[in-house]
Amino acid sequence: MRILVAEDDVRLAALLQESLGEAGWRVEVVHNGRGAYDRLLGDTSFDVVLLDWMLPGMDGVTVARRLRGIGMTTPILMLTARGDVRDRIDGLDAGADDYLPKPFDLDELLARLRALYRRGGFGESPVQIGDLAVDPGARRIARGGVEITLSTREFDILYLLASHAGQVVSRLMILDEVWDGETDLRSNVIDVHLASIRAKIDKPFGTDTITTLRGVGYRLEVPVGAR
């Protein structure tokens with residue numbers, strides 16, 4: 001797992017390099033926005049970018065916006081001391097995938113990085129269930145050749161179900177894989193997301209792909225003769 005850390009605070013950058021290295025990441029550090037942008041242009045093999053907002057030369061929002069403008073899809077986690085809601089929205093709109101205000105807890109940072117790594121689809125293979133195709137690398141879903149747009153969470157849930165097609169996936173497994181366990185089991189957040197997924201991948205096509213087994217979990221059904 002390779003990560004580019006763009007942080008102008010030399011002491012914090014050194015701490016991040018040490019901590020992320022101990023957690024199994026291969027870490028490279030740059031201290032300004034132009035350096036981050038040029039490094040990512042020259043090497044597209046980074047799995048995640050940890051990008052500080054207030055970088056000299058070119059701020060993190062500009063870096064993210066320019067990277068997205070040239071079609072780069074590497075997940076970006078934005079770090080910033082700016083905690084205003086409007087600032088968070090600006091960072092996400094610029095192309096950041098997640099946002100963590102300073103000061104932050106190292107364990108939370110690691111959990112968010114793991115989640116972004118998984119969402120990027122690295123090391124994961126496309127899945128074809130009947131006419132439903134799920135490609136984690138390209139973050140694309142299609143049914144019968146028709147492309148379907150899902151939110152990040154919806155995509156992650158569907159890919160998890162598709163990867164275990166024909167098997168029951170528990171609520172706890174979904175929470176652990178998609179939310180890193182941060183959501184209460186009693187919450188209806190999974191049901192809300194699944195309702196939205198069904199409305200997008202099933203209803204327009206007259207299909208019924210996902211079965212709810214109350215008290216047990218969910219199962220993505222495999223059509224007869226498929227796989």
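**Entry 1: a helix pair**

I began with the contact between two helices, where G33, R34, Y37 and L40 of α2 meet V63, R66 and L67 of α3. I keep in mind that this is a predicted model. Sorted by class, the contact of α2 with α3 has 4 nonpolar, 1 polar and 2 charged residues.

Next I looked up the geometry. The axes of α2 (residues 33-42) and α3 (residues 60-69) come within 9 Å, and they cross at roughly 20°. Angles under 35 degrees count as roughly parallel, so α2 and α3 are roughly parallel to each other. I also noted the hand: the crossing of α2 and α3 is right-handed.

**Entry 2: the largest core**

Which residues have the most contacts inside the largest nonpolar core? I found L158 and I174, in a core of 28 residues. Two or more residues each come from β6 (127-129), β7 (132-135), α6 (152-163), α7 (171-178), α8 (189-201) and β12 (217-220). The element that gives the most is α6, with 7 residues.

Leaving aside residues up to four places away in sequence, L158 touches L132, V134, I141, L150, I197, I201 and L220.

**Entry 3: another core**

I also found a second, separate core, this one of 22 residues. Among them are A6, Y37, L40 and F46. Two of these names were already in my notes: Y37 and L40 are among the α2 residues that meet α3.

Methods
Residues are numbered from 1 along each chain as its sequence is written. This is a predicted model: local features need pLDDT of at least 70, side-chain atom pairs count only at pLDDT 80 or more; totals for chains, interfaces and linings use all residues. Side-chain values use heavy atoms; hydrogens and water are left out. A nonpolar core is a set of buried Ala, Val, Leu, Ile, Met, Phe, Trp, Tyr and Cys residues joined through side-chain atoms within 4.5 Å. Buried means under 20% relative accessible area, exposed over 50%, partly exposed in between (1.4 Å probe, protein chains only). Helices (H or I, at least four residues) and strands (E, at least two) are DSSP runs, numbered from the N terminus. Contact means heavy atoms within 4.5 Å. Axes are lines fitted to C-alpha atoms, for helices over the stretch in contact, and angles run from 0 to 180 degrees between N-to-C directions. Angles under 35 degrees count as roughly parallel, over 145 as roughly antiparallel, 65 to 115 as roughly perpendicular and the rest as oblique. A crossing is left-handed if the near helix is turned anticlockwise from the far one by less than a right angle, and right-handed if clockwise. Ala, Val, Leu, Ile, Met, Phe, Trp, Tyr, Cys and Pro count as nonpolar, Asp, Glu, Lys and Arg as charged, and the others, Gly among them, as polar.
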